[in-house]
Amino acid sequence: APMIAQFAAALTALSACAPKSLGMEWFGGKLIAPVWALYVGPTADGRKTAALEVIWRVFSDAMPERCLVLPGSREGALDYLTGHDHGLVNFSEFGDFLSHAQKNHYGEKIKPLLIRSWDGMNLQEVYAGGKIRGPPEPRLSMMAGVTMDLFEVHTSPVDHGGGFLNRWMPVVGVSSREYNLPRDSDYTAARVRAVDDLAQLAGLCEAGACMGFSDEAQRAWTAWATALRECRRRLGSAERAATGRIETHAAKVALLYAYAYGRACRDDRWWIELKHVEWATAFADLIYQSALEILGNLAPNESMRQRRAVLYSLPRDGEWMPLGAVLRSAAMLKRPFEAVVDTLLAEEQVERAVGTDGKPVLRRLPEPQWETATGVLTAPGRRQPGPEQAQPGEAPADARTPVGASQPPEAPVRAPGGNGTHPGGNGAATTPTATASTPRTATASAQPLPPGQYVPPWMQ
């Protein structure tokens, strides 16, 4: 499974182990520890269930009393949370929950309830006869996995911009690690060690008062937050809504890093340090990247779904593909297929040429990367530098041949009138591709340490 998915799920387990008192002042309110992680990946190859199950098994052995199962209705959830207000919920099939929580379905009213719990608000309600239902201080951490198809069908623009889905930390990735089946003894020993570390953290009942960021951490946070706001200012309204809580996610992750190191339970008064901010903001950049990629992949109508079908029928590595093979793979009729190809050519998403056999071929052009606050990813409209374009102090960023470089001998000759160059785009109409199998940045520049290179003590 992609490491970024397991890393995000591990953060939810850590937040579920944190005491209720863990938190800090945040823009006039209180920032609490619970986080929600949402892994959006393909069926089977994405290994969504496996990514979540590994963390769930460790957590269930360490804290079985905090393994929660959320009912599908609002009334049932209030009754259940009255006695189970602190723990972890595992939505391994999040598409089923979304289908019941759609408009005019019986689970629709559970979304506002969950939003209030994420904010740490009082969920108590008084009914006839003085009966009180709901917890006063809920601490619900959640992890979920869903395919893009189900996510598209069972969500609406209101969900993305209305506050429910942007409270989740979305992650998108593909597995690129070498597959090695561990020996039973090694896996068992590592799992037992993880269970013991997590149980030890969960046994700490109270947390000292977090005084916010240290002076050094505050300066780093301000610089990152300022850059993030500048990045978001150039996005469309839908993208801004989907990324509206990136700062809050980063603050929660920094709070959890400090907790994992033991500062929260060792000192009565403590501060979030610079290293916690660096790791948290690097991971938040990946959340930002994933949110934009998910939003870019959603197709609101049939025309956009056809466009996506043609684009995804082409290899991502830029290999040439016969036009007839693309047509068969996209399963479309010729006339709408030609209209989609013309659209992609105008968008400079694909390149058309004539093969050595005289037949038309098509290939997918490298896509521009989304700009992030730490600057480790290229801005929209600029390609990653190739080996011959590497900047001073930078390692080659991409193994693919940049557009405009010399073609391999067997490559077809570009047809007259085709778009032989790919200057990029405005960022809003393209699909970003900066997510990876591990939570690390896409270039080799000297930047804050990505979380993929840091293994908290409780995960070692």
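Modeller: What follows takes some labels and sets them against their definitions.

Modeller: This is a predicted model, in which local features need pLDDT of at least 70, side-chain atom pairs count only at pLDDT 80 or more, and totals for chains, interfaces and linings use all residues. Residues are numbered from 1 along each chain as its sequence is written, and side-chain values use heavy atoms, with hydrogens and water left out.

Biologist: How many aromatic pairs does a search of the whole structure find?

Modeller: The search finds 16. One of them joins F97 and F164.

Biologist: Why is the pair of F97 and F164 called tilted?

Modeller: Rings of Phe, Tyr and Trp (its six-membered ring) pair if their centres lie within 6.5 Å; planes under 30 degrees apart count as stacked, over 60 as edge-to-face and the rest as tilted. Here the centres are 6.4 Å apart and the planes 35 degrees apart, so the pair is tilted.

Biologist: Why are F97 and F164 called buried?

Modeller: Buried means under 20% relative accessible area, exposed over 50%, and partly exposed in between (1.4 Å probe, protein chains only). F97 has 10%, so F97 is buried; F164 has 3%, so F164 is buried.

Biologist: What makes K252 count as a charge over the ring of W118?

Modeller: The rule asks for NZ of Lys or CZ of Arg within 6 Å of the ring centre and within 35 degrees of the ring normal. The charged end of K252 is 4.7 Å from the centre of the W118 ring and sits over that ring. Likewise, the charged end of R133 sits over the ring of Y127, at 4.4 Å from its centre.
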